Amino acid sequence: MKVNYLPTLAAIALLSIGTAIASVKPESLQQALSETLAGEAAYAQSNSVGGKLAKKLQGKPVVIDVYASWCAACKNIAPTLSQLKKEYAGKVHFVVLDVSDRASTAKSEAIAKELGLSAFFAANKTQTGSLTIVDPSTGKVLSQHRNNANKATYTKVLDAALSKK
């Protein structure tokens with residue numbers, strides 16, 4: 001293609017876009033805007049635990065372990081989680097949401113509801129072998145990893161969260 005055709009192609013493209021925009025009805029624009037805003041809200045929701053965390057979780061970072069007894073990733077990260085519990089005892093809240101079977105899932109759902117983690121549990125109950133660190137004051141997910149046994153990954157985030165206090 002010769003270079004002298006580029007301005008003509010650009011003009012045609014601009015005219016086509018202008019025609020397409022002019023043919024869109026205002027209701028369609030409103031619907032598109034609503035869908036975009038809903039998508040942004042869903043993204044924000046996926047990056048937080050939802051509502052306000054229970055008072056008993058306030059003041060300390062929260063480590064949420066989505067666990068199942070049959071999960072290979074859970075077994076892989078268990079030693080790291082054990083080390084974190086020892087190192088951060090009294091400084092960090094550790095919450096285990098067990099989804100090994102229907103009965104334990106129902107108990108975990110009740111625990112999640114009591115702690116203000118219902119939305120998080122609903123969105124993540126299939127993510128066994130994941131550890132999520134949450135800022136209790138904002139409900140924002142600070143870090144979330146699945147099948148990551150590298151302790152330094154978690155200590156870096158926890159130390160940063162604890163230093164903000």
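Here are a few notes on this predicted model, written as numbered points.

1. Ground rules. The model is predicted, so local features need pLDDT of at least 70 and side-chain atom pairs count only at pLDDT 80 or more, while totals for chains, interfaces and linings use all residues. Residues are numbered from 1 along each chain as its sequence is written, and side-chain values use heavy atoms, with hydrogens and water left out.

2. Overall fold. I get six helices and four strands for the protein, where helices (H or I, at least four residues) and strands (E, at least two) are DSSP runs numbered from the N terminus. Along the sequence the order reads α-α-β-α-β-α-α-β-β-α.

3. Burial and surface. Of the 165 residues, 33% are buried; buried here means under 20% relative accessible area, exposed means over 50%, and partly exposed is in between (1.4 Å probe, protein chains only). The accessible surface comes to about 10200 Å², with 60% of it belonging to carbon and sulfur atoms. Those areas come from the Shrake-Rupley method with a 1.4 Å probe, and for residues only the protein chains shown count as cover.

4. Contacts along the chain. Take contacts (heavy atoms within 4.5 Å) between residues at least 6 apart in sequence: 69% of them join residues at least 24 apart.

5. Strand 3 (residues 130–134) and strand 4 (residues 141–146) pair in the antiparallel sense over five bridges; for strands to count as paired, DSSP has to find at least two bridges between them.

6. Proline 136. Have a look at the loop between strand 3 and strand 4, where proline 136 sits. Proline 136 is buried, with a relative accessible area of 9%. Its C-alpha is 5.4 Å from that of glutamine 58, although proline 136 and glutamine 58 are 78 residues apart in sequence.

7. The salt bridge. A search of the whole structure turns up one salt bridge, taken as a side-chain nitrogen of Lys or Arg within 4 Å of a carboxyl oxygen of Asp or Glu. The partners are lysine 151 and glutamate 87, with the closest N and O atoms 2.7 Å apart. This pair links distant parts of the chain, 64 residues apart: lysine 151 is in helix 6 (residues 151–163) and glutamate 87 in helix 3 (residues 72–87). Lysine 151 counts as partly exposed at 26% relative accessibility, and glutamate 87 also counts as partly exposed, at 36%.
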